[in-house]
Amino acid sequence: MEQTAHPSSLAYTDHFGLTDDDFQKILDIALSRGGDFAEIYLEYKINGFINMEEDIVKETVESISLGLGIRVISGEKTGYGYTNDISLPKVKAAAVTAASIASGREPLLASRLSPVKSPIPNTYPILNPAHEQPLEDKISLVKRAYRTAQKFDPKIQKVKASLLDSVQYIRVINSEGLCATDVRPLIKLTCFAVAEKDNKREAGYHGGGGRVGLEYFSKELSPEDIGTEAARESLHLLEAVLPPAGEMPVVLAPGHSGVLIHEAVGHLLEADFNRKKTSIFWDKMGQQVAKSTLNIYDDPTIPYFRGSYNIDDEGTIPQKTPLLIEGRLVGLLQDKLSARLMEASETGHGRRQDFSCIPIPRMSNTYIDKGEYDPEEIIKSVAKGFYAHKYQGGQVEDSGKFTFSVSSGFLIEDGKLTSPVKQATLIGTNIDILNKVEKIGHDIQFGLQTGTCGKEGQAAPVTDGCPTLKITRMTVGGH
Amino acid sequence: MPGVATPQKLLDLAEDLVSYGRRKGADEVEVTILDSTEFNVDIRLGEIESLIEAGSRGLSIKVIKDQKTAYGSSSDLSKDSLQKLVSRAVKRAQLSSPDLYAGLPPKQRIDHDITALNLYDPHILELTPEDKINLAQQTERIALQDKRIINSHGSSFETRVIKTILVNSHGFSHAYDETYCGLSLGLQAGRTDEIVEDYWSCSKRHFNELEAPEAIAAKCIARTVRQLNPRKIPTQRVPVVFESAMTSWLLGFLFACVSGVAVYQKTSFLQNKLGTKIADDRITIYDDGLIPGLLGTTPFDTEGIPAQKTIVVEQGILKNYLCNTYAARKLKLASTGNADGTGVAPHNFYLTAGIHAADQIISSMDKGLILIRTLGHGLNPVTGDISRGAYGLWVEKGEIAYPVSEITISGNLGEILLTIEMIGNDLEFRTPVSGPTIKIQELMVAGT
């Protein structure tokens, strides 16, 4: 099949058939009870999935979702209606539902729509959007990852490889006259391998992707790399011991350990938790909350990253947002509602899982900036401790208590990585840990381009990154 | 889409699509339609924070041709786009590999009376938005009267009405309606830098079974303030009591390990353990899809296999894995009616009650931990290993001494099941997976 290679193949196309006049009418209905702000969010998404296990391509899936959400804000209240029935009467009914939240005031009139004119920089100009490529080509990527893992070692007993790709067409129209679109491609190729020896079994995982085209798997990370790494990790874990339990110095590997910053800092700097004063940080803006060597950013504009977007789900053009500078708390991740109520600038972090969800402040690509230490020196500085390498995930509560689950790591003995370690849980309180970041490496990396963050039941693709970090003491849950 | 409105029309649409798929060359076709309406109101500090009301529909298909499978789904229910979806699935199926185990289950009969399962409460449809807003407002208001509560995550009331239609090319064609309602609350207590927090909720199919706002508020307050002024404890091995909500959490992990899908995929430590002793003699666990009115009750699973009562563990012996048709064929077993898409889901999966009062279990510990909440991931079905962040209450001489935080618990599900020493008499079906209070002989608790 002829493959056309021009980025314009990802131009916005309409799937709704509603006119500007319709939108104007819908916005007027939405504001008819006196809301301050109304918005229409249109989403059309195609998902593809290929799954290979037990040596066969078990299934392929295509799913199409189309729908529209209407939001009205009145003070701190949000009214929301959504529908996947795009007939004008149903859409108007959703607008009436959303409008009902407001009451009393004279209705506002929506501004006339004015499409965003200034070109929005495209952070993901791709060549071969996955949804336009032949299924055979995509199956071949999955098979390559699968076979590589399977052949890596006779101890590999089971492999599973899958490719998930999607393209999301969104359009945001609001009563301030905004009319903006984005077309967001997203792929992830993952491989999961189970190794077995002496009745012991362990699983390894690897993957990659982002807002990229299929060219990524020939240029950046090959299916063979993904399969090899998954197999290698499962074999590594077969030799692993359970970690010791208790407080000890902990060194966090670069890249994957970004999940620490996601949990320990990122969530609690989402503006909604601070506006509601439930985050431990709400009264600490401008204060020193961490060691002065620590700089933390969230940047939705990193090219091709899984967490990136050209506009957020409220149509705001996003910005790289400093959160901590030299250990001082300087910024929050804002959406429109929180920015307005807190009288702060929007940062473009209003995201939603899909058209059925109200946008909320979310992270995108969150990272600790690099420091000055040589990573080797950092490990050498620990006489006895724990090196956390790969993770299953983490969780935080507003009180600042967080955990993260380490799937694979090493013991550190006399400044050297020694026995491989599996299945440990790290636990701490965020401000305490931020002040125990003793050394920061110069080796910043990002974790896998496969991560998804959950908040209030909404999933969002994210990445996080960090350099090698040494935490003076931290509780390691072990055996 | 315009034109499709009545339930009968949705059933007709599903049947037409099954015939269309057969005409396009599929050997077998299955069509599912979910048609739901949702209402959710969030109240925070007395005011409405958000109110969502919506209806949505989705259709999904499975086609099999020459033992090769493809799936599709769409929320665009126009006939034209659905027919294209089916045609593309039939073509796509040819690119999958032939799989001896693929295919729909043989023709099924639904013998039980669907209405007797009591899944639908018409009263929920009669609640006005004001009724629903009031319930949430009242719940939070009662809680905020307590001086120890410093902030609120808010309270929510939600309702959901769902129609499920399942039609396949073996002549299965059934529909059923179900309702849910839920009331929840989240609270914070303590000083700014020493905040503790917790949630409580109740979810039922029938409105008159829902706990009252007073009950939800009281339970949420008690759960929150009991964590005030936590201490750290040294790392040690001690007996651990799981509150019933924690037992439910542990059973959720067990479910993942008795899943026939995990077993045939070799990702469960309970592989090859059928008929062997995996738990203490006092342990009996069922999965029952037929208890009228419960959250996990359903007339048939997503493949149309009638729900049933399955004994999973009988007096410590593993009796059955929970299977969908595919996993059952792989394992040469029968489906237990637990299909949920390509995976499995529990119906009402529960550990039968024991004889001890929860107080009695706590007072049996000279020194130990009551596990009240866990945090994070750290469950590995391949090995059964558990490692989680945890919150608890420290027990000394049979009495609760103080709350503890910043600890982790670790152990192995296989060992835990064999060392359950006491089982409470407090089983309640609050969630599809549920169990009473239990006491584990010993777990590693990591602290300072």
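Author: Before we start, a working definition: two strands pair if DSSP finds at least two bridges between them. Keep in mind that this is a predicted model.

Reader: Which other strand does strand 17 of chain A join?

Author: Strand 23 (residues 469-477) of chain A, through three bridges, with the strands running antiparallel. Here A:L426 turns up again, standing opposite A:V476 in strand 23 of chain A.

Reader: Nice. What does A:V250 touch?

Author: Not counting residues up to four places away in sequence, A:V250 touches A:G385, A:F386, A:A388, A:L426, A:I471, A:M474 and A:V476.

Reader: Which residues have the most contacts inside the largest nonpolar core?

Author: A:V250 is one of them, along with A:A30, A:A149, A:C191, A:A193 and B:L371. That core has 226 residues. A second, separate core of 29 residues includes B:L10, B:I61, B:V90 and B:V167.

Reader: Let's switch to the open sheet in chain A. What's the strand order?

Author: The order is 11-10-9-14-22-19, six strands with mixed pairing. Strand 11 (328-329) and strand 19 (445-446) of chain A stand at the edges, each with a single partner strand, so one side of each is left without a neighbour in the sheet.

Reader: Do strand 14 and strand 22 of chain A pair in the parallel or antiparallel sense?

Author: Parallel: strand 14 (residues 365-368) and strand 22 (residues 463-466) of chain A pair over three bridges. In that pairing, A:N365 stands opposite A:T463.

Reader: Zooming out, how is chain A divided?

Author: Chain A is divided into domain 1 (7-238) and domain 2 (246-477). Their C-alpha centres lie 23 Å apart. The contact takes 37 residues from domain 1 of chain A and 27 residues from domain 2 of chain A.

Reader: Which element gives the most on the domain 1 side?

Author: Strand 6 of chain A, with seven residues. By class, the side of domain 1 of chain A that touches domain 2 has 14 nonpolar, 13 polar and ten charged residues.

Reader: Now the chain-to-chain contact. How many residues does it take from each chain?

Author: The contact takes 60 residues from chain B and 68 residues from chain A. On the chain B side, the largest share comes from strand 2 of chain B, with eleven residues. The chain B side divides into 16 nonpolar, 29 polar and 15 charged residues.

Reader: And which strands are joined by bridges across the two chains?

Author: Strand 2 of chain A and strand 3 of chain B are joined by six bridges and run parallel. For a spot to look at, A:V61 stands opposite B:Y71 in strand 3 of chain B.

Reader: Tell me about chain B itself. How many helices and strands does chain B have?

Author: Chain B has ten helices and 20 strands. Its radius of gyration is 24 Å, close to the 22 Å that the globule rule gives for 448 residues, so chain B is as compact as a globular protein of that length. Buried residues make up 54% of the 448 residues in chain B.

Reader: What about B:T32, buried or exposed?

Author: Buried: B:T32 has 20 C-beta neighbours inside 10 Å, and the cut-off for buried is 20 or more. B:T32 is found in strand 1 (residues 28-44) of chain B.

Reader: What is B:T32 in contact with?

Author: Leaving aside neighbours within four places in sequence, B:T32 is in contact with B:L59, B:S60, B:I165, B:L166 and B:T302. B:T302 is 270 residues from B:T32 in sequence, with the two 8.1 Å apart in space, C-alpha to C-alpha. For chain B, among contacts between residues at least 6 apart in sequence, 70% join residues at least 24 apart.

Conventions
Residues are numbered from 1 along each chain as its sequence is written. Chains are lettered from A and ligands numbered from 1 in the order in which they are written. This is a predicted model: local features need pLDDT of at least 70, side-chain atom pairs count only at pLDDT 80 or more; totals for chains, interfaces and linings use all residues. Domain bounds come from an automatic or database domain assignment. Two residues are in contact if their C-beta atoms, placed from the backbone, lie within 7 Å. Helices (H or I, at least four residues) and strands (E, at least two) are DSSP runs, numbered from the N terminus. Ala, Val, Leu, Ile, Met, Phe, Trp, Tyr, Cys and Pro count as nonpolar, Asp, Glu, Lys and Arg as charged, and the others, Gly among them, as polar. The radius of gyration is taken over C-alpha atoms; the globule rule is 2.2 Å times the number of residues to the power 0.38. A residue is buried if 20 or more other C-beta atoms lie within 10 Å of its own, exposed if 12 or fewer, and partly exposed in between; C-beta atoms are placed from the backbone. A nonpolar core is a set of buried Ala, Val, Leu, Ile, Met, Phe, Trp, Tyr and Cys residues joined through C-beta atoms within 7 Å.
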